[in-house]
Amino acid sequence: MKFRKYLRGSGRVLAFVFIASVIWLLFDIAALRISIINDVMALDVTDRPRDPRAVGQFGQPARVPRDKELESQRRWSEGFFNVFLSEQIPIDRAIPDTRPQICSENLVHDDLPSTSVIFCFVDEVWSTLLRSVHSVLNRSPPHLLKEIILVDDCSTKDYLKEQLDVYMSQFPKVQIIRLKERQGLIRARIAGAAAATGEVLTFLDSHVECNVGWLEPLLERVYLDHKKVVCPVIEVISDKDMSYMLVDNFQRGVFRWPLVFGWIKGVFFFFLHRCPVMAGGLFSIDKSYFYELGAYDPGLDVWGGENMEISFKIWMCGGEIEIIPCSRVGHIFRGDNPYKFPKDRVKTVERNLARVAEVWLDDYKELFYGHGYHHLPYINCYLLLKMFFCGFQYC
């Protein structure tokens with residue numbers, strides 16, 4: 001009887017509002033669960049079945065036949081890794097899933113942003129470039145891969161011209177941008193970003209192999225916070241036998257004076273690790289945030305120091321750099337650059353680092369110069385950075 005009393009007059013209205021609110025909340029929770037409960041897709045799709053007996057299949061080490069050892073040695077300088085073996089390995093080979101077991105149980109939102117994957121290259125070896133592209137196509141959810149942009153930094157190899165155009169024409173999501181003169185990695189990436197239409201920019205080197213489930217964990221972090229700049233765990237593809245090697249000890253990117261990048265061992269956590277400085281070759285960043293930071297400094301030449309510059313900008317402007325253990329990408333670490341610098345390599349890198357020090361280190365730049373680097377004359381710093389609330393303009 002007392003309950004009926006509360007359902008009279010205004011009480012009836014309040015009861016209706018309460019019940020409607022509960023129903024709305026239940027629907028809202030259900031919708032939220034639908035958007036969240038979505039397994040990471042462990043895709044590895046190929047046009048035809050793989051040959052389990054192929055050289056290097058499943059990331060296994062390959063061996064050079066004795067009668068081919070001289071040829072293998074002769075061709076080493078083409079890429080400063082075992083080019084001969086690379087050409088024997090399928091361009092869509094299988095590699096071991098090296099993620100921690102818990103990664104297969106991860107859930108991600110079903111409305112993640114799309115990404116443009118950008119490869120910049122100059123005179124890259126044919127087999128490694130194709131293997132890089134195929135690994136992205138085979139192991140990325142199609143609805144998240146907006147496009148793959150290949151930026152050719154004025155390569156001189158004939159096979160990277162019409163032959164590459166013809167080969168890539170079979171993939172609608174692949175486009176090639178050709179720079180008319182040599183610009184270097186930094187400006188090539190700026191050109192690739194300008195052409196990108198995805199919501200997130202993913203920069204990769206052109207001698208990598210993306211592992212299963214590599215993309216969604218990166219995009220999930222950017223989805224949750226557009227100022228998160230995220231890197232996969234960089235695993236090793238042997239330059240000698242092309243085997244794919246697991247990285248099971250977590251390391252963080254740091255720098256030592258005078259702005260020398262390095263790795264230090266860190267405590268392993270399953271989901272993410274904040275990182276002071278990124279290696280710079282492989283990472284994803286929200287496109288709007290990339291331009292909010294001023295993109296790369298176009299005054300940096302060719303290669304060197306760009307990872308320091310963008311890392312400093314990210315942390316100083318409210319962002320964070322993270323390494324995501326559930327995202328794995330193999331990378332060939334080369335002992336030297338197979339291409340030539342337009343100017344002296346050492347002087348180019350030193351100038352780039354001095355520019356980064358002048359712009360970003362304030363009084364701490366003396367720690368940099370204390371290691372024997374020459375000061376940049378003020379008159380030559382004609383492209384100093386101006387900062388307006390972390391929106392940047394190069395003048």
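Is Asp44 buried, partly exposed or exposed? In this predicted model, Asp44 has a relative accessibility of 27% and therefore counts as partly exposed.

Side chains of opposite charge can pair when their charged atoms come close. A further example is formed by Glu320 and Arg274, with an N to O distance of 3.5 Å. Here too, distant parts of the chain are linked: Glu320 is in strand 12 (residues 320–332) and Arg274 in strand 10 (residues 273–274), 46 residues apart. Both partners are partly exposed, Glu320 with a relative accessible area of 21% and Arg274 with one of 46%.

Lys365 and Glu358 form another salt bridge, their closest N and O atoms lying 3.1 Å apart. The two residues fall on either side of the 20% limit for burial: Lys365, at 21% relative accessibility, counts as partly exposed, while Glu358, at 19%, counts as buried. Elsewhere, salt bridges with shared partners join Arg221, Lys228, Arg274, Glu320 and Glu322 into one network.

The nonpolar residues were examined next. In soluble globular proteins, nonpolar side chains tend to be buried together. The largest nonpolar core in the model comprises 46 residues, of which Phe283, Ile285 and Phe290 touch the most other members. The greatest contribution to this core comes from helix 11 (residues 345–360), which supplies 7 residues. Another core, of 35 residues, lies apart from the largest one and includes Met168, Leu219, Val222 and Leu282.

With residues up to four places away in sequence left out, Phe283 touches Arg189, Leu201, Thr202, Phe203, Val229, Val230, Cys231, Met278, Tyr296 and Ile310.

Notes. Residues are numbered from 1 along each chain as its sequence is written. This is a predicted model: local features need pLDDT of at least 70, side-chain atom pairs count only at pLDDT 80 or more; totals for chains, interfaces and linings use all residues. Side-chain values use heavy atoms; hydrogens and water are left out. A nonpolar core is a set of buried Ala, Val, Leu, Ile, Met, Phe, Trp, Tyr and Cys residues joined through side-chain atoms within 4.5 Å. Buried means under 20% relative accessible area, exposed over 50%, partly exposed in between (1.4 Å probe, protein chains only). Helices (H or I, at least four residues) and strands (E, at least two) are DSSP runs, numbered from the N terminus. Contact means heavy atoms within 4.5 Å. A salt bridge is a side-chain nitrogen of Lys or Arg within 4 Å of a carboxyl oxygen of Asp or Glu.
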